[in-house]
Amino acid sequence: MLKKQRDAVKVCEMYRRLGFACSESVVRALADEWNLILPEDFLKEMSIFAGGAAEDGRCGVLEAGLAVMANLYSSGLFGNEVSFQELSKLLHHEFEKKYQGYLCSDIFYPLYEQMQNNNLNEEDFVCAFHDGITIIMNFLCEKAIKEKNINYEKEAD
């Protein structure tokens, strides 16, 4: 795992523990890791996507990833070789591979049931916070590396 991904998980967890919703925690962590200056109102508004509140019920973590990816795309990080629409489809596909879907209900309920079956505490339930932000960071770094030949620091194993 790249250091950038591990750092994003830590920062996202910090925001989660501060009480931010999944989508807001993820967009805040991604903005921190990609050095984006996003308006505070926008960051707060991202919480509307928590719990599948998007019109079609998509995961708030995915929605946050798409919002940050749109910002990075418009800044030219991905070059001109790939459209934002194609990047969006690819990121959705990554969530489908991991969770067998990208709707909040596809992700939350199976993970919540798993948490209950393993007798974990409610406060330790992280839903797609950690794996989801890792998927997004892997995707963003991979695409940025491919398109712009950016070399992110590998973490020593």
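This is a predicted model: local features need pLDDT of at least 70, side-chain atom pairs count only at pLDDT 80 or more; totals for chains, interfaces and linings use all residues.
A crossing of two helices is left-handed if the near helix is turned anticlockwise from the far one by less than a right angle, and right-handed if clockwise.

Residues are numbered from 1 along each chain as its sequence is written, and side-chain values use heavy atoms, with hydrogens and water left out.

Helices first. They are DSSP runs (H or I, at least four residues; strands are E, at least two), numbered from the N terminus. Axes are lines fitted to C-alpha atoms, for helices over the stretch in contact, and angles run from 0 to 180 degrees between N-to-C directions.

Take H4, residues 60–74, and H5, residues 84–99. Their axes come within 11 Å and cross at roughly 150°. That makes H4 roughly antiparallel to H5. The cut-offs: under 35 degrees is roughly parallel, over 145 roughly antiparallel, 65 to 115 roughly perpendicular, and the rest oblique. H4 passes H5 in a right-handed crossing. Contact means heavy atoms within 4.5 Å. On H4, the contact residues include Leu62, Leu66 and Met69; on H5, they include Phe84, Leu91 and Phe95.

Now H1, residues 3–17, and H2, residues 22–33. Here the axes come within 8 Å and cross at roughly 140°. So H1 is oblique to H2. This crossing is right-handed too. Among the contact residues are Lys4, Asp7 and Arg16 of H1, and Arg28, Asp32 and Glu33 of H2. By class, that contact has six nonpolar, one polar and six charged residues.

Next, Leu36, in the loop between H2 and H3. Buried or exposed? Leu36 is buried, at 17% relative accessibility. Buried means under 20% relative accessible area, exposed over 50%, partly exposed in between, with a 1.4 Å probe and protein chains only. Leu36 touches Ala31, Val68, Asn71 and Leu72, leaving aside residues up to four places away in sequence.

Last, cysteines. Cys141 is buried, at 0%.

Definitions and conventions: Ala, Val, Leu, Ile, Met, Phe, Trp, Tyr, Cys and Pro count as nonpolar, Asp, Glu, Lys and Arg as charged, and the others, Gly among them, as polar.
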